[in-house]
Structures are given as C-alpha cells and as structure tokens.
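My entries follow in the order I looked things up.

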Amino acid sequence: MSATGEQTQSKKRSRAEEEVVELVSKLIQFDTSNTGELATTKGEKACAEWVAEKLHEVGYETEYVESGAPGRGNVFARLRGADPERGALMIHGHLDVVPAEAADWSVHPFSGAIQDGYVWGRGAIDMKDMVGMALALARQFKAEGTVPPRDLVFAFLADEENGGKWGSQWLVEHRPDLFDGITEAVGEVGGFSLTVPRPDGTEKRLYLVETAEKGLGWMRLRAKARAGHGSFLHDDNAVTILAEAVARLGRHTFPVVLSDSVAEFLAAVTEETGLQFDPESPDIEGQLAKLGTISRIIGATLRDTANPTMLQAGYKANVIPQTAEAVVDCRVVPGRQAAFEREVDELIGPDVEREWITKLDSYETTFDGHLVDAMNDAVLANDPNGRTVPYMLSGGTDAKAFARLGIRCFGFAPLQLPPDLDFTALFHGVDERVPVASLEFGTRVLEHFLLNS
Ligand SMILES: [Zn+2]
C-alpha cells in the first residue's frame, strides 16, 4: 500500500464511512423485488419511507412521490449549496432490485449479511451500494452543517429495473418540476475500478465513468398470411415467413461504429497496457477478451445488436395460423437509430411488419468539463494509482429519462474493487455482494467529489 493509502487509513473515519455498511445492509433487507408487474411489485414504499425517515432524522425536508401507481415510492431531498446561481447536481439511485431465487444463494438474498468482508444480498451492487453511500453522505453533510458548492438533490427512485415506466420516466413526464434547476446528475453504472496489467509488470486501476448508454428498443415483428388446413399445399405461411425474418435478423452482424466514449476508452487502455485493438478486425471481440469479464459490456458497445427473445404463433397442430409474432431486443449505438432501422427493414423484408413496444433513446455526453475534473480529482485523492476513463454502458439506466430534460448524466458510483472479483457477473447474479472496503472507499471518493462539484 502506498504512503498516501496509509495516511487515508489513519485519518479519522468520517461519520458517513462509519455508517455506510450498516445502511447498505439495512437497505438490502427491504425486499424491493421488481417483477415488472404492478400487482406483485410491493417493497419500494416501505424502503422509500425508511430512507425518508433517515433523512428527517438529521433535519431534511423530503418529498415522497408515488410515480403513477400505489406503492411506487420515490423520495427527494435537497441540500442548499453556497452558490444558488449554479445549477443543482442530482445524485440518484433506484430502490428496486431484480428478483432473487433464495435456494440458489449461499446466504439469503434479503439478509444483508455482513460477513467475510462483504455485504451480501440482492441489490448489493445494483444499486443499494450507491443508495447507501449517497444516504450516508446526505446525512453527514446535514448533521455537520456542511455547505456544498452548489445545491445537491438526492433522489431515491422506483422501478428502474422495469425501464423506469413507474419511476423515472413517469416522474419526468408528470412531475418535471421535481427536477427544476438540475443541470447535471450522477448515478449508476460507473465509477468502479478495473485493474489492468502494465507492460512493466505493475498494475493500473482504471475507474470507468459512464458517459454513454446504448438505446434500448423492444420490437415486435408480425407476419400475416393465409390461414388454412395443415394437410394442404400452402405456400403463404405466416410462421415460415416470420421464422425466416427472425433467423436473418438473429444471425446478422451489424457494422462496428465506434462512438467517442468507446474510442476514448480503448485508447486509454492501449496507453496503459500496450494492448492493441483494431475495430476493423474480424477478431475485435477476441482482442477485447484480454480485458477479462468487462469485455462482456465493452464488446456489446461496438455495434448494434438485435437478439430475438420471444416467439408466438398458432393454436393447433393442424391449423396454419393467420399471424405469427416475435419480439426482438434491440440495442442501438448513439447516432445509429435511423441506419439501424433501415438495416432491420431490409433484413425482415416487406412481408413482416414491425412496431416498437418500448423505445428508449441512446445517450452520450463528452468526457470533459468541471464535473469530470471533480470525479478525477476525487479518485486520485483516494487512489494515486487510479485513472478515470469514459465508457459506454450496453444497457440502460434512469439517466435515459433525465437526459430527456436536458440533464447531463454520468454513471459514477465509485468502488475500488479487488482485481479478481467478477464484478459484471454480480449484476442480477447469484451471491451478489459488495466488499466492505469498497463501500468505505467509495464513500470517501463520493464525499470528495460532492464537496468539489
Ligand atoms: Zn441498477
């Protein structure tokens, strides 16, 4: 450990560092499983009320808002900053989690167990870790009378795991007033460290700041043809037409289109490691695999993808149905939407129609400016061997909704991770857990960041 690290260790622990682990554990104990159905998604209200209570305890006024349906609880709190002329910075986290099958886990997924140096449970890294860090710092700042440079808005949200339909998207559409004056925001998925080898045998920790997200589109394909008896000659079969279109789409490889975020990420990795990446190479995925498990995400950001996920047709073995349907999960690189749709139309052909069931636009911002400097300074102050780099997330977050209001969004939920931890596998995975030391580190980084934002 470096000298600076020892100094950080010996420094008196902050109030937020002292309580962050306990807060994260407690948050995990609320079963906020989001099933995607209103009738069965129940836990957010109790969790949101508890968060509001923890904020009241230290003197905040909070606003509790249900986003379009009973129980879909969101909590907002504002801490006044020194300069009211500056736009506010929002720190947001979602309270819901994806469901967990307890039988598959080493510990109960809603135990919040603190053992072996980890906090265990569903949500430990997605994203009750960040919620706990933000809550701990909100409490510390208020309790100690800290005045940040600008207004900070703490937002705890429902329904992210269902695309924010009953959460951020609803709030942006129906309660845009909640976001008045907010110009920038930080949330998931970024700020975590990726340890890479350097040519001289040492290691470097890259902290991946999310500056872009692919667009998300769930597309329904429908073929309509002639119904008929299964024993007859029949050359106009909806199932056949649809199946051919689905197969063409599913086997298609879209062109590599490097967005700025991905290009900057690859350049930074090359600079640190000497590894070369050639986006034109047919083996670009193989080259990325040298980065380890993060290549699952990075590899998916080089090009659009269209993966067929659902098929539906027919009701009896000897009846040729009139229609056949499929659903395709489409993820589109920023700037590619129109080109992507043209390519899809060519592949599915004129006999298959398509419609969007869900369509959330891609997002990209630049990796520069005061807020990025503040992230970089905060990381370096706590890890002199760190370097922040931009990257694109292949999935989506609540940032997509806030970007619609013109808010500049970043994924920055800082965690210093052990080099051998398969972080990406923990998202929605079994035995989701977060290192205690990572939470304490993240809290220190986030404190430095917020006080210099
Ligand atoms: Zn999440």
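**Metal site**

I started with His 94 and found it buried, because its relative accessible area is 0%. This is a predicted model, so I read every value here as computed.

Next I asked which protein atoms are donors of the zinc ion.

I then checked Asp 126. It is buried too, since its relative accessible area is 5%; the cut-off for buried is under 20%.

What is the arrangement of the four donor atoms around the zinc ion? I noted angles of 54 to 153°, so the arrangement is irregular. A tetrahedral call would need all angles between 85 and 135 degrees.

I looked up the donor spacing along the chain and wrote down H-x31-D-x61-E. His 94 sits in strand β3, residues 88-94. Asp 126 is in the loop between β5 and α4, and α4 covers 128-144. The two residues are 32 apart, and the pair links distant parts of the chain.

**A three-stranded sheet**

I turned to an open sheet with the strand order β4-β5-β19. Its pairing is antiparallel. Which strands are at the edges? They are β4 (114-115) and β19 (433-435), and each pairs on one side only.

I followed β4 to its partner β5, residues 118-120. The two pair in the antiparallel sense over two bridges. For Ile 114, I found the bridge partner in β5 to be Val 119.

Then I looked for helices on this sheet. Helix α2, residues 15-29, packs on it and touches β4 and β5. The direction of α2 makes about 15° with that of β5. Helix α14, residues 436-451, also packs on the sheet, touching β4, β5 and β19. I noted about 65° between the directions of α14 and β19.

**Whole chain**

Last, I stepped back to the protein chain. I counted 14 helices and 19 strands in its secondary structure. The radius of gyration is 24 Å, close to the 22 Å that the globule rule gives for 453 residues, so the chain is as compact as a globular protein of that length. Along its principal axes the C-alpha trace spans about 80 × 55 × 50 Å.

How much of the chain is buried? I noted 55% of the 453 residues. For contacts between residues at least 6 apart in sequence, I recorded that 78% join residues at least 24 apart.

Key: Residues numbered from 1 in each chain as written. Predicted model: local features only at pLDDT ≥ 70, side-chain atom pairs only at ≥ 80, totals over all residues. Heavy atoms only, no water. Pairing = 2+ DSSP bridges. Helix = DSSP H or I, 4+ residues; strand = E, 2+ residues; numbered from the N terminus. Contact = heavy atoms within 4.5 Å. Axes fitted to C-alpha atoms, helices over the stretch in contact; angles between N-to-C directions. Donors = N, O, S within 2.8 Å, 3.2 Å for Na, K, Ca; no water. Tetrahedral: all angles 85-135°; square planar, octahedral: opposite > 155°, others 65-115°. Buried < 20%, exposed > 50% of the residue type's maximum accessible area, 1.4 Å probe, protein only. Rg over C-alpha atoms; globule rule 2.2 N^0.38 Å.
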